[in-house]
Each structure stands twice: as structure tokens, then as C-alpha cells.
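Please read the following note alongside the structure.

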Amino acid sequence: MAFLRYQKALSMEEKNSRYGQIIKYAGLFGGVQGIVTLVTVIRTKLVSMILGPTGFGINESFNRTLNLVRSTTDLGVPFSAVKSVSECRESKVGGQLEESILITRTWALLTGVAGMLLCLLLAPLFSYWAFDGDHGYTLSFILLSPMAAFSAISGGETAIMKGTGMLRQLANSQLLTVVTTFCISVPLLWRMGLTGIAPSLVLVSFASMVVTCAFSLRVFPYRVSLFSGATLRKGFGMIRLGVFFTITSFFGAGAFSVIANYLMKYGNAEITGIYSAGYLLVSYLGMFVFSAMESDYFPRLSAVNHDRDKVNELVNRQAEVDVLLLAPMITGFIVFLELIVSILLTAKFQEAVPMTRIAVMGLAFKAMTQPLAYVSLAKGDSRTFMLQEILYDVVFVASVVGLFNTGGVTMTGLALTLSAVADLVIVYSISHRRYGVKLYGGALKVFLIQLPLVIASWAVSFFWSGVLSWTAGVALLALSTAVSFHYLRKHTSFIRSVSDRISKKIHQ
């Protein structure tokens, strides 16, 4: 009996440790995301003030075009390499991890060089396409071509840090990168104006690569094998998964383009701007929790992807923590949205509030969907992942277009939430049927407790106003926070220790 109690105690300790890890890295990357977002917003405002509308438009055109080149030529290596490296790390077979890192770096360098050459060769075409028939920016695109190589190398090193569990180093590199970007771009643009746009972008890309490499190369010295047929062939599986991921990203971008064009054609620029602002605010809120998943959750899931029980455990644990962290944030977001819009945007965007309040409820369903969606990628089943994403894109476009025609831009918020519900149904059905994944226990329980509180906070903001709305909204926020705190405290010793210290200080 004593041995059984000991085993049970160990099991509970291990479980608490695993929950603690999820919360720890969600907090780490959520905090980093917050700082990155803040610095990016400040930098964007300063750049727009320095360059004016014309210069800001040129800067964005350069960025969009180079991002398209990068996403086309990197073959998805920055994402797919995470799975390959994490599997080799878990296997603990001598030499496999080093070989996986060698393959990742070799393919990252090759795709980077390919992207740079493509940009050099097609510079006149890019200038014509990005600037409405103007070939005058050909030289600028030639100068920008090294960015493709810098970005690919950075992506490969980032994948290595994710796959090998160097998450604190990754977070530090992201923080240092955004600060370095700010320190380079703002003074250079202030000094040189429009002529400094291209040099600024190249220097920022180079600095980002140097910062990222500085962290990863400390642990894994740089080696590549460009002319080894065996090394290149061993990377084909990684490339195949990455290519499907790239294709899926294009479908997703296409869906956003279709909606933007439709709203512009059958609405106007103001309606398109309101929709875009609402969507952006919801996306930023989700990033505070979901930013940790690709860095922490996906490598761990990839490492155990052949063990159904461990996959089920990881999925449910991640879903439970995601709901517990997101639900109070969603409730608070709904309650204080008017204030948030006035601070982050301007009074002109207050029309986005009703749409955004409906749309943000979809994040509650996304908290359950995201852990499931990574299963197909962790198993290397790229076709299934692509099927899931394309089905969602179809539902997404059809919902937004259909409900916009029914009730205007406010109803596009409902379309986003309904799309999130449909996505959960699609992904869960496929994951359950194909991989035997089930949502059960704690994940479902906290979802069914928190969802009514989220819906109630929206109902309060919609049907009531003034002091009554604020009072009820704050009460719901407090209740949602208390529920999450109760379950997080139950699962993690870290939360318990903090709450105990606070309690002792209060009662002293």
C-alpha cells in the first residue's frame, strides 16, 4: 500500500510538472509576444510619421513581396524541421540529432540561396508587379535579395532551437531581435528618409539572423554539407511536409484576399478597414496563448507522435490549459473592448466593437481546436493537415460572405465564430477517426464551464449599457478568472505556492 501511495504521489507530481511546463512557456512566450507587439506598434507609428503615407506604402510593398519570395522558396523548412529535430532528440540515438541539425542547416542554406537568386533574376518583374507597372524599383529589389537568404538561415536556426528545447534562448533571441530591429530601422530612416528603406530592411534582416545564430551556435556549432547527396536525400521527408505546409499557407492567404476584395467591392474601404481592425485585434489576443504552441507543444507532440496514449494526454492537457488561460482574457476583452480600441486605434474604429465582440468568442473554440490541429503535422500526415485547412478556408469564406450580405460588417464577427465552431467539428472528426484522438476529462469540463461565462459577457455588453453593463461584465470576468485560478492552482505547484504566499501576506 505504501508503494502504491508513493507511485500515485509520483504520478501526481509528474502531472503537475507537465501542466506547469505548459503554463510556464505560455507565460514566457505570451509575455514576449506582448513586448514584441508593443515595440512593433511603436516602431510602426514612428516609421509612418518619418516616411509619410508614400514611404510607408513603399516599405510595405517591399515587405509583402519579399515575404512572398521567402514563403515560396524556403519550402516550409522553418516549420517542418521542428518535427524532424524533436523526434531525433527524443530518440536519444547517438549521432541522430547532430545529423538532423546538419540536414536542417543544409536545406535552409540551399533554399536561402535559391530565394536570393530568384529575387535577383526577377527583380524587374517584382518592381513591375509591386508598384503598378513601375520598373524604377528594380535596383531596390536587387539590393533586397540577400534578405531571402538571411531569413531562411534564421528560420532554420529557430527550428533547431524549438526542436531541441532551447525555448528560453529562443524567447531571448526574439526579444533581442525586436529591440535590434527598432534600434536599426528608426534612426536610419530618420537620417536617410525614403532612400533608407531598402538598406534598413536588409540590415534588419541581417541583424535578426546574427542574433538568432548567436544563441543557437553556442550549443550546436555551424556545419553544412551542400554537396552530399545522402544528406540532401535524407531531408526529402522534411521538405515534403514543408511543401504541403507552404501550399496550405497560400490557400489561407488566398481566403483572406478573397474576403478583402469582396468587402471592398460590395462594401467600401471603411468597411474593409473595420473588418481588418477587428480581425487583427482578435488575432493579437489569441497570439498571447497560441504563440507558445509552435515553440513548446509542437516539438513535444512530434517527439511522441507514435504513442496514441501520450498524444491523447498531450492534446487534452494543452487544450485544458489553453481554455483556462484564454477564457478570462476573452471575457475581459469583451468587457473593456471600447477602451482597448480607443487606446490602440482611434475613435473612428469604434464601429468595429460590435463585430469584434462576437468574433472573439471564436477563440474559446480555437483553444480546443489548435492542439488537435497539430496532430496531423506531428505525425507527418501533410495531406490530412492540408485537407483540414482547406475545408476551414471554404467555410470561412462562405460564412463571411454570406453573413455580410445578411447583416453587414457586424455579422462578419458571427461568421468568424461560426467558422471556429465548424473548424473544431472538422478537425476533431478527422483526428478522432484517423488517429483515435479524444477530448475528455478536464479539457471538456473547463470548456463547458467557461463557455457560458464568455457568452454571458457578450450578452451583457449587447443588451445592457452603462453602469449595469460594466458591473455585470466585471463580475463575470472575476468569476471566469476565479474558475481558471482554481483549476490552475489544483494542477500546478507553482500557482499554489504563489497563491499561498499572497494569502499569508494578506493575513499577516
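1. In this predicted model, Glu99 has a relative accessible area of 31% and is therefore partly exposed. Its side chain forms a salt bridge with Lys234, with the closest N and O atoms 2.5 Å apart. Glu99 belongs to helix H3 (residues 96–121) and Lys234 to helix H9 (residues 229–234), so this pair ties together parts that are 135 residues apart in sequence.

2. A salt bridge also links Arg434 and Asp381, whose closest N and O atoms are 2.5 Å apart. Arg434 is in helix H17 (residues 409–435), while Asp381 is in the loop between H15 and helix H16 (382–407), so the pair ties together parts that are 53 residues apart in sequence. Arg434 is exposed, at 51% relative accessibility, whereas Asp381 is buried, at 13%.

3. Another salt bridge joins the side chains of Asp74 and Arg70, at 3.6 Å from N to O. Asp74 counts as buried because its relative accessible area, 7%, is under 20%. Arg70, at 28% relative accessibility, is partly exposed. The count for the model comes to 6 salt bridges.

4. How many cavities of 30 Å³ or more does a search of the whole structure find? The search finds 2, and the largest cavity has a volume of about 50 Å³. Helix H12 (308–335), helix H15 (362–378) and helix H18 (441–463) are the elements that each give two or more residues to the lining of this largest cavity.

5. The residues lining the largest cavity include Val323, Ala364, Phe447 and Gln450. By class, the lining comprises 9 nonpolar residues, 1 polar residue and no charged residues.

Notes. Residues are numbered from 1 along each chain as its sequence is written. This is a predicted model: local features need pLDDT of at least 70, side-chain atom pairs count only at pLDDT 80 or more; totals for chains, interfaces and linings use all residues. Side-chain values use heavy atoms; hydrogens and water are left out. On a 1 Å grid over the protein atoms alone, a cavity is a set of points where a 1.4 Å probe fits but cannot get out, and a pocket is an open set with protein on both sides within 12 Å along at least five of seven lines; lining residues have an atom within 4 Å of a point. Grid points are joined across faces, edges and corners, and a volume is the space filled by probe spheres set on the points. Helices (H or I, at least four residues) and strands (E, at least two) are DSSP runs, numbered from the N terminus. Ala, Val, Leu, Ile, Met, Phe, Trp, Tyr, Cys and Pro count as nonpolar, Asp, Glu, Lys and Arg as charged, and the others, Gly among them, as polar. A salt bridge is a side-chain nitrogen of Lys or Arg within 4 Å of a carboxyl oxygen of Asp or Glu. Buried means under 20% relative accessible area, exposed over 50%, partly exposed in between (1.4 Å probe, protein chains only).
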